[in-house]
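Here is a short briefing to read beside the coordinates.

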There are 2 protein chains.
Amino acid sequence: MNTLELMKQISRPSPSKIVLLVLDGLGGLPSPETGKTELETARTPNLDNLASLGICGLCDPVAPGITPGSAPGHAALFGYDPLTSDFGRGVLEAVGIDFELQPEDVAARGNFCTVDKAGLITDRRAGRIPTEKSTELCQLLDKQVIEDVEIIVRPVREHRFAVVFRGDGLSPELPDSDPQQVGAAPLTITPLESAAGKMAHVASQFVDKAKSILDGRKPANMILLRGFSQRPQFPTMSEIYKLKPAAIATYPMYRGLARLVGMDVLETGTSIEDEFTTLAKNYGDYDFFFLHVKATDSSGEDGDFDRKVRIIEQVDNVLPQLTGLQPDVIVVTSDHSTPAMLKGHSWHPAPVLLYSRWCRTDKVTEFSESACILGGLGRIPSMQIMPLAMANALKLTKFGA
Amino acid sequence: MNTLELMKQISRPSPSKIVLLVLDGLGGLPSPETGKTELETARTPNLDNLASLGICGLCDPVAPGITPGSAPGHAALFGYDPLTSDFGRGVLEAVGIDFELQPEDVAARGNFCTVDKAGLITDRRAGRIPTEKSTELCQLLDKQVIEDVEIIVRPVREHRFAVVFRGDGLSPELPDSDPQQVGAAPLTITPLESAAGKMAHVASQFVDKAKSILDGRKPANMILLRGFSQRPQFPTMSEIYKLKPAAIATYPMYRGLARLVGMDVLETGTSIEDEFTTLAKNYGDYDFFFLHVKATDSSGEDGDFDRKVRIIEQVDNVLPQLTGLQPDVIVVTSDHSTPAMLKGHSWHPAPVLLYSRWCRTDKVTEFSESACILGGLGRIPSMQIMPLAMANALKLTKFGA
């Protein structure tokens, strides 16, 4: 029995409420000047107070040493095993632009690329063409119908686009057409299982058509497809935890991930303050809230230590709006670390803070990486956070006689 | 290879001795007045001294967030995976009243219940009839023989009883007759595999007979059966660890669990002092002792913080009798937490203390939840305690070349 099956067996509905506040990429590394991380530099009286009342620790999204992408990082926070819960690259690309993927749709990630006269790839990304250019090219490819399959093409960013195949009897069991190297020809799309015959045929025809439509065009004259996939068949968070879950996120990727695990996605604005207001406004209608703050990660990716500090302080400043609602359980954590010093996601464990009336508090009085090392949660896999939140909300029954 | 297989491979007999002292439900939550848990409130100079000399930590019986019953909690302490080691509900009911279950016996848990004239259940527990009444009814049902199968019926507590089917060719692969709801009729017992045909036939006839024997009686006129099971086929602790293990416990359930993993169960009295005397008296005859103290759990279940404190102090007071025997390894821990504040088992990790000459001690000088957070064992699954005890007793050889 894995953890999800166990959760399914022992979880029960109750009126208690859980708020999972995810500060994307929160964990950091010390500035060489001060020896303090972004979180340790920020003035965070409200988070520190919550840490004093709650229990803290460090969590590994996937495993020690593993730097996760957003999908496994969030899968783990929602309680799914990040190593076995594959959302599908094409699916993530589609939901990442707020595309409403239907259960039978097959999605793929596309690249605009360049090929030479012999058809060999000269640039897999067509010089990272600007999004506006890519949008124009997508319009040329969009809305085709091959056999009875509707093909929807949407720009993502720069050379990247999402393509969705909608029709009956489609299987995603196809190989990538992207050989992942220059000097090679795009690969033929042949079915990996017999049921994928129709899909392979349609995808191949689509690539051929794209080639003729783009022929002679600049800056891209060909496409590459990869990550054919359908919506994952994971049990939803309602099925597992008997929760009525809602997501608040300003970035489409996170709304998409939340939708894939069955959350209602709430309309919100573009600022952190908007998100907290959305939480307050919808607080009566759900018993689980995933509130996602993106800017901690973006500033980390940009290597902007000071901006990341300011954003953490901004979150701390609005935190009383959340605590004032008096949720039974509050978790503040991160899907992974994004140290400004590294300008990217990293493998460092993320700080985690859990507050509830029943949490058996520890001696940590400050929400920071170095304080969390000594916290009562110890160092746990991130996928154990949901069971802990559920337990502290008194939503789990006893296991075994 | 799982942990038990590994243990089987690398364990070897030796004269060193291990004492596993389990204070059932020891872990607690702070009193709101003092901010201290039961264990932190208790005056425990001897346990604190042992903590100073030993190494401490926190252990999760099943996994973070999971509240275990007694069976999975103890399975983990004996080194068995609590998620896959199912003792069987019927078996636990039988061993829980000190019934000597034979390997081929099939045991089930029974409820006395009431049904209306149409045979539909009106109360699954017959108003939780007193144990004395239940004992009378059990005598009416006991000692039947159906085909060549002997049927033994024993009262447990209130409406609960254990029934044991003894005969040749019995399989436990039967569904429950208990539909777990009122207004429904008891379910027909049909075999879940072809080998269970005889058992299904006998069980059905037993239920029919019980119905006619109880017909018109009060306060119960029918029975419900569930959890048909046979003694689990786990390897014994002797097979795994090459130990000669003995159990000392005042409550039948824990004697039963110990018997199921192959321990000798020693005769003892009813007090904590009796148990420690039994340990001293039998110390020469075994190399592993499981000493179980129940009252820490019972007082926690009753929500009696002060009584739990006193019982911990009582244990501390007799501890020198144990340490005076100079076992090579002493482990003091718990099968789960039972905070008086929650009046029941909980998910909070249990404190664990391991003393041996070779334990690489830490800086913990007090046996308490908050001190154990900073202990050298960290936060570990309870099923890792036995390998640690075995290692510290120098009973494990090197793994791999």
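B:Ser337 sits in the loop of chain B that runs between strand E12 (329–333) and strand E13 (350–356). The model is predicted.

**The serine in the loop**

- B:Ser337 has 0% relative accessibility, under the 20% limit, so B:Ser337 counts as buried.
- Its side chain makes a polar contact of 3.2 Å with the side chain of A:Arg360.
- A:Arg360 is also in the list of residues that B:Ser337 touches, once residues up to four places away in sequence are set aside.
- From chain B, that list includes B:Gly25, B:Gly27 and B:Gly28.
- Also in the list are B:Gly344, B:His345, B:Ser346, B:His348, B:Pro349 and B:Ala350.

**The sheet of chain B**

- Chain B has an open sheet of 8 strands, with mixed pairing.
- The strand order is E10-E9-E11-E1-E12-E13-E2-E14.
- Strand E10 (264–265) and strand E14 (378–381) of chain B are the edge strands, and each pairs on one side only.
- E12(B) and E13(B) are antiparallel, paired over 4 bridges.
- B:Val332 has B:Leu353, in E13(B), as its bridge partner.
- Helix H10 (residues 272–282) of chain B packs on the sheet. This helix touches strand E1 (18–23), strand E9 (245–249) and strand E11 (288–293) of chain B. Its direction makes about 175° with that of E11(B).
- Helix H3 (residues 45–53) of chain B lies across strand E2 (55–60), E12 and E13 of chain B. H3 of chain B runs at about 65° to E13(B).

**The sheet of chain A**

- Chain A has an open sheet of 8 strands in the order E10-E9-E11-E1-E12-E13-E2-E14, with mixed pairing.
- Strand E10 (264–265) and strand E14 (378–381) of chain A each have a single partner strand, so one side of each lacks a neighbour in the sheet.
- Strand E12 (residues 329–333) and strand E13 (residues 350–356) of chain A run antiparallel, joined by 4 bridges.
- A:Ile330 has A:Tyr355, in E13(A), as its bridge partner.
- Helix H3 (residues 45–53) of chain A packs on the sheet and touches strand E2 (55–60), E12 and E13 of chain A. The direction of H3 makes about 65° with that of E13(A).
- Helix H4 (residues 70–77) of chain A lies across strand E1 (18–23), strand E11 (288–293) and E12 of chain A. H4 runs at about 155° to E1(A).

**Aromatic rings**

- Over all chains, the structure holds 16 aromatic pairs.
- A:Phe112 and A:Phe161 form a tilted pair, at 4.6 Å centre to centre with 40° between the planes.
- That pair links distant parts of the chain, 49 residues apart. A:Phe112 is in strand E3 (residues 106–115) of chain A, and A:Phe161 is in strand E7 (residues 160–166) of chain A.
- A:Phe112 is buried at 0% relative accessibility. A:Phe161 is buried too, with a relative accessible area of 0%.
- The rings of A:Phe165 and A:Phe228 have centres 6.3 Å apart and planes at 35°, so this pair is tilted.
- A:Phe165 is in strand E7 of chain A and A:Phe228 in strand E8 (residues 222–229) of chain A, so the pair ties together parts 63 residues apart in sequence.
- A:Phe165 is buried at 0% relative accessibility, and A:Phe228 is buried at 8%.
- A:Tyr80, A:Phe87 and A:Phe234 make up one aromatic cluster.

**Lysines over tyrosines**

- In chain A, the charged end of A:Lys17 sits over the ring of A:Tyr283, 4.9 Å from its centre.
- In chain B, B:Lys17 lies over the face of B:Tyr283, at 4.9 Å from the ring centre.

**A glycine in strand E8 of chain B**

- B:Gly227 lies in strand E8 (residues 222–229) of chain B.
- Its relative accessible area is 16%; the limit for buried is under 20%, so B:Gly227 counts as buried.
- B:Gly227 and B:Gly90 are 137 residues apart along the chain, and their C-alpha atoms are separated by 4.8 Å.
- Beyond its neighbours within four places in sequence, B:Gly227 is in contact with B:Arg89, B:Gly90, B:Ala107, B:Ala108 and B:Asp176.

How values were computed: Residues numbered from 1 in each chain as written. Chains lettered and ligands numbered in written order. Predicted model: local features only at pLDDT ≥ 70, side-chain atom pairs only at ≥ 80, totals over all residues. Heavy atoms only, no water. Helix = DSSP H or I, 4+ residues; strand = E, 2+ residues; numbered from the N terminus. Buried < 20%, exposed > 50% of the residue type's maximum accessible area, 1.4 Å probe, protein only. Polar contact = N/O pair within 3.5 Å; in protein donor to acceptor, adjacent residues only side chain to side chain. Contact = heavy atoms within 4.5 Å. Pairing = 2+ DSSP bridges. Axes fitted to C-alpha atoms, helices over the stretch in contact; angles between N-to-C directions. Phe/Tyr/Trp six-rings, centres within 6.5 Å; stacked < 30°, edge-to-face > 60°. Lys NZ or Arg CZ within 6 Å of the ring centre and 35° of its normal.
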